[in-house]
Amino acid sequence: MPDVGLREWFAVGRAIASGSLLRYDSGASRTALFEREMAAETGAAHVLAVNSGTSALIAALAAAGIGPGDEVLVPAYTWMATAAAPVQVGAVPILVDIDETLTMDPEDIRAKITPYTRAIIPVHMVNAPCDMDAIMAIAKEHGLIVIEDSSQAVGIRYKDRHCGAIGDLGVFSFNRMKNMNIGEGGAVLTSDERYFIRARSYHDLGSMVRQHGDRLNEPEFVGTNMKVTEMDGAMLRVQLKKVVPMLRRMQKRRAVLAEILDHSSEFRVTPHNDPASAVSLSILAPTREKAIELTGRRGVHNRLRDSSKHLYTNWEPILNKRTFHPKMNPWAWAKRDIEYTPDMCARTLEILDRTCIITLGMRYPTPLMAMVARKLAAGQS
C-alpha cells in the first residue's frame with residue numbers, strides 16, 4: 001500500500017494555512033482539483049469525493065434511483081459494505097457466487113436475476129478485475145444498472161479501461177488497506193451527468209446550492225452529509241500521483257513470481273480476467289487441507305476463508321435481515337420472500353477454502369522473492 005509521508009504532511013499544512021478547510025470556501029478548491037485530476041486519469045466524466053467508500057456506494061445507489069422493492073446483486077465475497085449499502089437506500093442485496101477469479105460469476109448473475117432486479121454491484125476484489133465484458137452484456141440484456149465497487153482496485157485497468165469507469169457508476173475507497181490512503185475517504189465516478197448531479201446533491205443534504213448550478217431541472221430531495229474537507233482533497237492529490245508507479249512495480253513483481261509458481265504440481269495460480277494488468281497474486285490448492293498446509297510456508301500470506309467481514313457467512317445483520325428499526329427494514333418492503341442461509345453460496349466457500357494469497361514482498365529485492373517462490377513451487381517450506 002502507498003506510504004503516507006512528508007508530501008501529504010506538507011499538502012495538509014498548506015491547506016490549513018490557507019484558512020479554507022471547507023471545499024466550498026473558495027473557487028480554487030483542492031478537492032475540486034483532485035476530482036478533475038482523477039476524472040482525467042480514469043476517463044470518467046465526473047468524480048465526486050466523499051468521506052468513505054461505503055458512502056460512495058450509498059450515494060451511487062441513491063443517484064441511480066435504487067430504492068424499496070428493488071433487488072441488487074452483490075458478490076458473496078466482498079467487504080460487507082457492498083451488501084449493506086443497498087439496505088441503506090431501502091433495497092435488498094441478493095448474493096451471487098464468485099468464480100475462481102475471486103470475482104462475480106457471470107453465470108450465477110444470470111441465475112439470480114428476477115423481475116425485481118435493478119442493479120449489479122460487481123466488486124474488483126484484491127486488485128483483481130471482474131469479467132466486465134460479460135457483466136456489462138448481461139446488464140444491457142436485462143436493462144440493469146451497473147455500479148462498480150472498485151474500492152480494492154483504485155488505479156487497476158481491465159483491458160485498457162479503468163476499473164470504476166466502465167459501469168454506469170463506480171466507487172473508490174481511500175484508506176490504509178487500499179491503493180490510495182488518506183485515513184478514510186471515497187469517490188463516486190460516472191459519465192452520466194444526471195447521476196453525477198444526483199450523487200452530488202445526495203452527499204450534501206440534497207442541496208442544490210454551493211456552486212451546484214447545473215441541476216438539469218432535477219428536483220431537490222433529502223440527502224445526507226458525506227462531504228470531505230480540503231485537507232482530504234490535499235492528501236488525495238498527493239496520493240493520486242503515487243498510484244500508477246506503485247502498481248507498475250507490483251505488476252512487474254507479480255509477473256516474475258507467477259511465472260515461477262506456474263510450474264508447481266501442488267497448486268495452480270488463480271485465473272485472472274485480464275492477466276496483462278494483474279498486480280495481485282493468489283494460488284488455488286486442490287483441497288482445503290492442502291491450502292491449510294500451504295499457509296505455513298514462507299511467502300503464503302493467508303487463506304481467504306479466514307477473511308472476517310469479507311465473507312457473507314459473517315454478515316450477521318444481513319443474514320438476519322436486521323436494521324436499526326423494524327419499520328425501516330427493506331426486506332419487509334421486498335416484493336418476494338428473500339431468505340439467506342450459511343450454505344447458499346457453497347461454491348464461494350469451496351473456492352475460498354482452497355485459495356491462498358501470495359505476498360509480493362514489495363519491500364524486499366525481487367531476486368529474494370523469486371527464491372521464495374521457487375521454494376514454494378518446489379514444495380519446500
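Colleague: Which strands form the open sheet, and in what order?

Modeller: This is a predicted model. In it, four strands form an open sheet in the order 10-11-13-12, with antiparallel pairing.

Colleague: What makes strand 10 and strand 12 edge strands?

Modeller: Each pairs on one side only. Strand 10 covers 268-269, and strand 12 covers 300-303.

Colleague: How do you know that strand 10 pairs with strand 11?

Modeller: Pairing needs at least two bridges. Two bridges join strand 10 to strand 11, residues 282-284. So the pair meets the cut-off. Arg268 has Leu284 as its bridge partner in strand 11.

Colleague: Which strands run parallel to strand 4?

Modeller: Strand 2 (residues 71-75) runs parallel to strand 4 (residues 117-120), joined by three bridges. Leu73 stands opposite Ile120 there. Strand 5 (residues 145-149) is also parallel to strand 4, through two bridges. Ala119 has Ile145 as its bridge partner in strand 5.

Colleague: Why is Asp70 called buried?

Modeller: Its relative accessibility is 10%. Buried means under 20%, so Asp70 counts as buried. Asp70 lies in the loop between helix 3 (53-63) and strand 2. Beyond its sequence neighbours up to four places away, Asp70 touches Gly65, Ala91, Val92, Tyr116 and Arg118.

Colleague: Why is helix 3 called largely enclosed?

Modeller: Ten of its eleven residues are buried, so the rest of the structure largely encloses helix 3. Among the buried ones are Leu57, Ile58 and Leu61.

Colleague: What caps the N-terminal end of helix 3?

Modeller: Ser52 does. A side-chain oxygen of Ser52 lies 3.4 Å from the backbone nitrogen of Thr54. Just after helix 3, Gly65 takes a positive phi of about 80°.

Colleague: Which residues have the most contacts inside the largest nonpolar core?

Modeller: Phe174 and Leu261 do, in a core of 118 residues. Helix 8 (residues 230-261) gives the largest share, eleven residues. Setting aside neighbours within four places in sequence, the contacts of Leu261 include Phe267, Val269, Ile283 and Leu376.

Colleague: How do you know that Arg23 and Glu35 form a salt bridge?

Modeller: Their closest N and O atoms are 2.8 Å apart. The cut-off is 4 Å, so the pair qualifies. Arg23 lies in the loop between helix 1 (6-18) and helix 2 (30-42), and Glu35 in helix 2, so the pair ties together parts twelve residues apart in sequence. Both Arg23 and Glu35 are buried.

Colleague: What do Glu266 and Lys290 tie together?

Modeller: Glu266 lies in the loop between helix 8 and strand 10, and Lys290 in helix 9 (residues 288-294), so their pair ties together parts 24 residues apart in sequence. The side chains meet at 2.4 Å, N to O. Glu266, at 18%, counts as buried. Lys290 is buried too, with a relative accessible area of 15%.

Colleague: Where do Asp353 and Arg303 lie?

Modeller: Asp353 is in helix 12 (residues 346-354), and Arg303 is in strand 12. Their side chains meet in a salt bridge at 3.2 Å, N to O.

Colleague: What joins Glu100, Arg268, Glu350 and Arg354 into one network?

Modeller: Salt bridges that share partners do. The count of salt bridges comes to 26.

Definitions and conventions
Residues are numbered from 1 along each chain as its sequence is written. This is a predicted model: local features need pLDDT of at least 70, side-chain atom pairs count only at pLDDT 80 or more; totals for chains, interfaces and linings use all residues. Side-chain values use heavy atoms; hydrogens and water are left out. A nonpolar core is a set of buried Ala, Val, Leu, Ile, Met, Phe, Trp, Tyr and Cys residues joined through side-chain atoms within 4.5 Å. Buried means under 20% relative accessible area, exposed over 50%, partly exposed in between (1.4 Å probe, protein chains only). Contact means heavy atoms within 4.5 Å. A polar contact is a pair of N or O atoms within 3.5 Å; within protein, one must be able to donate a hydrogen and the other to accept it, and residues adjacent in sequence count only if both atoms are side-chain atoms.
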